[in-house]
Amino acid sequence: MAEKSKTKNLEIEKPEGKLGVLLPGLGAVATTFIAGVIAIKKGLGKPFGSITQMQTIRLGKRTEKRTPKIKDFVPLADLNELVFGGWDIFKDDCYQSAKKAGVLDINLLEKLKPELKKIKPMRGVFNRDYVRNLDGDFIKWGNRWEMAKKLIEDIKNFKKKNKCQRLVMIWCGSTEVYMERKAVHNSIKNFEEGLKKDSKFISPSMIYAYAAIKEGIPFANASPNLCCDIPALVELSKITKTPIAGKDMKTGQTLLKTIIAPGLKARMLGLRGWFSTNILGNRDGLVLDDPGSFKTKEKSKLSVLEYILQPHLYPELYGEIDHKVRINYYLPRGDNKEAWDNIDIFGWLGYPMQMKINFLCRDSILAAPIVLDLVLFLDLAKRAGLSGIQEWLSFYFKSPQTVKGLYPEHDLFIQLTKLKNTLRWMMGEELITHLGREYYDA
Ligand SMILES: NC(=O)c1ccc[n+]([C@@H]2O[C@H](COP(=O)([O-])OP(=O)(O)OC[C@H]3O[C@@H](n4cnc5c(N)ncnc54)[C@H](O)[C@@H]3O)[C@@H](O)[C@H]2O)c1
């Protein structure tokens, strides 16, 4: 049944002028995204996997037959208005970097070469203490406060040079070592003092997030890094009226987990164990070969089942799950990851059953449309006057960032309902609860 939304439609500024997309980390994900958008604009490919470009949204009752495409319903920036830039710790331009990443076919890359060659990284803010398996030399020097200032300068120069009306930043850099919240993360006052004192508890990805949020630029964290998931940066995002979202894009194995686990729970089938293993040979895999970075990823991957299955409510079904996740760096596989899942379930009277999934996925092919959607939705959120954590974008993340004290919603289908209802709410359309009594009561 359609429920009257509580608000009228929000005042949303029109998406006029150029939208600059700034990406710290011009590696496999970022270049697959950029090259993909250019290819789509040239008619060389379709934006499969992108909600903003392909999905429809039902409005009103089922009998009304109103199902526009999302991009025709909410005012999103046009792909022709996107301008790309970013930072890396290696000097390669986007053509070289995409070629090295080996995700896209070389014949396609050759057709995009002139545009990709022009996108050159700015010097990155980097420290090997946080990503031990990389050693780039294209970096900025100075203490953390000076580096934050330099990033803000880069942002302003980019905006001016490219005549952008608005900007969005998505962290597509490597996974940093596992970090826990410290006092320096508790408030923006502490954080800025920490930058000035060059605190080791402030990682490079946090400095990029700080620079963006300080400038009021919407920011998303595509990696599992702690990054903007700290009270200091959430506080800053409210002050500067900046939408933020994170963390860790939900692509291969975890995407499948959040599709399958809600199904098992819906049918009250028990789960005894879930063993997930992966082989991949891209730079991300190399970074994750370091136990520090792997721990950050592992935490992010493990949390999903617990939240979806709610063992505290269903101890007999989900109280004793053995959940293991392994990632193995295996060079020949490149970006074409192979994942195996063994799932031990049980049904009626406790009889055991097994499921085996062998997913031969392409990591960056799954990630690129997420980056595009985050860019367009965060820009929309900014123009709609939304700020702070955008939980309606949790659909895209393995570890959705939420307000303190609120557990994250991991079920993909609940997340999609939340996303679409948020769009309806923004546009003053009725929210859809799927009760549907009105079709039968008449
Ligand atoms: N590919 C996926 O499906 C997927 C899914 C979820 C999350 N992620 C995350 O997205 C991120 C990017 O993944 P990828 O496959 O493109 O990795 P990648 O290694 O190909 O690219 C990361 C790039 O970031 C650069 N970099 C590292 N630290 C930097 C810094 N401080 N400043 C600027 N640049 C820096 C590296 O040099 C590299 O070019 C990783 O954190 C990964 O865990 C990827």
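## Exposed or buried

A residue counts as buried under 20% relative accessible area, as exposed over 50%, and as partly exposed in between, using a 1.4 Å probe and protein chains only. Leu349 is exposed, with a relative accessible area of 71%.

This is a predicted model: local features need pLDDT of at least 70 and side-chain atom pairs count only at pLDDT 80 or more, while totals for chains, interfaces and linings use all residues. Residues are numbered from 1 along each chain as its sequence is written, and side-chain values use heavy atoms, leaving out hydrogens and water.

Where does Leu349 lie? Look in the loop between strand E10 (338-346) and strand E11 (352-360); strands are DSSP runs of E with at least two residues, helices are runs of H or I with at least four, and both are numbered from the N terminus.

## Around the ligand

Now for some polar contacts, which are pairs of N or O atoms within 3.5 Å. A polar side-chain atom of Asp88 lies 2.7 Å from an oxygen atom of the ligand. Backbone atoms take part as well: a polar one of Val29 is 2.8 Å from a ligand oxygen, and a polar one of Asp363 is 3.1 Å from a ligand oxygen.

Methods
A polar contact is a pair of N or O atoms within 3.5 Å; within protein, one must be able to donate a hydrogen and the other to accept it, and residues adjacent in sequence count only if both atoms are side-chain atoms.
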